[in-house]
Amino acid sequence: MQLREVLKAFEEGGSMSLAEMSRRYDVDLPLLEEMIQFWVRKGRLRDACNVGGCGSCHANGSCAAAHHEHQPAPPLRVGNGAQDANFIELKLHTREGTHFMSIAVDGFVFDLDGTIYLGEKALPGSVEGIHHLRERGKRVLFVSNKPLEPRDAYAAKLTRLGIPTSADEVITSAYVLGRHLARTQPDLRYYVIGEDALRHELRGHGLTVLNEFEDQDPKSVIDPAGIDAVVVAFDRTLDYRKFNTAYQALMTGAHFYATNADKTCPMPGGAIPDAGATITALEHITGRRLELLAGKPSTLTMQVALDQLGCPADRCMMVGDRLETDIRMGQSAGMLTTAVLTGVATREQAEQLAQPPTFIVDNIGAIPALIH
């Protein structure tokens, strides 16, 4: 059954009756009614009927079936079926029994901070959850907006925490930016607000990264001659010299790029300021707007991830704790999404989104617990 085709038909409206739709898509009528009810509750369709909770009311405002009592909203479950080992099951309870519909999922993209680990400790369920998914033959990638370490360092950390990982299974915002700029603007000269790992990453892609203008007074108007583009990143060594140099370069027309725009970075005991604050400050004082964002929720990051997974977006799932980056990026790419409550997002915040995540779970360990 093509669930997305059925949903699309309802979203587009039209005059097709439920009976006609049932025959066209080979869906039992009671099951079709329950599908509509679920989509109404998820906000994908509008309940236009005066009778509350009617699962027969769809986007064009008509009601095509007699009213009757419905079961509670059906849960979405991660499943492992006989026909396809990689899929998500939608379990619907109808008057005629329990039905299962499958949507294929081949790959998983996981955020790191607040999803897999926090500081130097693996979060509950992450080690077991990833192990179980890999046992099922799922393809797994890890994505981080933090440009503070090279990919092999993140891979080593995951391995140390009990999740064996190679550098090729890790994507960082620094890697995505370097890869993109090397392909699109390889001849520019870049000034970086960032730490040594980012400079090393960009130079590793063959890009020219300028050193600090140490011969100029940071308290005066620095001459930014030679800077073609400014790259802003998470920088725990940010000082007035860097900020002033970036400001002067942007005021003379340099391009304005960034690895990530996170407001804060979660840490044990709280959070610390991230690149978003620096970007906002520079936008405010220069009147400029960021031209290119490499990290989440940019499509650049997701395209790199999908290329490495080797499967289309509608067969992948994005898992993360940040609604404005992880979930937004997955939804924009057409992926299934799972919000975990081990980081910054709360269940209430996730449920109140105009487009909620496909799943909301306490931690990654809840995903394999739902597999049959």
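Let me begin with one detail: the charged end of K157 sits over the ring of Y117, 3.8 Å from its centre. A charge counts as over a ring if NZ of Lys or CZ of Arg is within 6 Å of the ring centre and within 35 degrees of the ring normal. R151 provides another case, with its charged end over the ring of Y175, 3.9 Å from the centre.

A word on the source. This is a predicted model, in which local features need pLDDT of at least 70 and side-chain atom pairs count only at pLDDT 80 or more, while totals for chains, interfaces and linings use all residues. Residues are numbered from 1 along each chain as its sequence is written, and side-chain values use heavy atoms, with hydrogens and water left out.

Now the chain as a whole. The protein chain has 13 helices and 18 strands; these are DSSP runs numbered from the N terminus, helices being H or I of at least four residues and strands E of at least two. Of its 372 residues, 52% are buried, where buried means under 20% relative accessible area, with a 1.4 Å probe and protein chains only. The accessible surface of the chain is about 16500 Å², and carbon and sulfur atoms hold 48% of that; the areas come from the Shrake-Rupley method with a 1.4 Å probe. Among contacts with a separation of 6 or more, 61% are between residues 24 or more positions apart, a contact being heavy atoms within 4.5 Å.

Which residues touch the most other members of the largest nonpolar core? They are I171, Y190 and Y257, in a core of 33 residues. Such a core is a set of buried Ala, Val, Leu, Ile, Met, Phe, Trp, Tyr and Cys residues joined through side-chain atoms within 4.5 Å. Elements that each supply at least two residues of this core include β7 (139–144), α6 (173–184), β9 (189–193) and α10 (299–309). Leaving aside residues up to four places away in sequence, Y190 touches, among others, L181, L207, V231 and Y257. A second, separate core has 27 residues, including L112, L133, V140 and L336.

Next, the aromatic rings. The whole structure holds 3 aromatic pairs; rings of Phe, Tyr and Trp (its six-membered ring) pair if their centres lie within 6.5 Å, and planes under 30 degrees apart are stacked, over 60 edge-to-face and the rest tilted. F108 and F110 are stacked, at 6.0 Å centre to centre and 15° between the planes. Why does F108 count as buried? Because its relative accessibility is 0%. Y191 and F213 are edge-to-face, because their planes stand at 70°, with the ring centres 6.4 Å apart. This pair links distant parts of the chain, for Y191 is in strand β9 and F213 in the loop between β10 (208–209) and β11, 22 residues apart. Both Y191 and F213 are buried. F108, F110 and F142 form one aromatic cluster.

Two loops remain. E195, in the loop between β9 and α7, is buried, with a relative accessible area of 12%. A polar atom of the E195 side chain lies 2.8 Å from the backbone nitrogen of R236. Beyond four places in sequence, E195 touches L148, F234, D235, R236 and T237.

Finally, most peptide bonds are trans. K296 and P297, however, are joined by a cis peptide bond with omega of about 5°. P297 is found in the loop between β15 (292–293) and α10.

Notes: Buried < 20%, exposed > 50% of the residue type's maximum accessible area, 1.4 Å probe, protein only. Polar contact = N/O pair within 3.5 Å; in protein donor to acceptor, adjacent residues only side chain to side chain.
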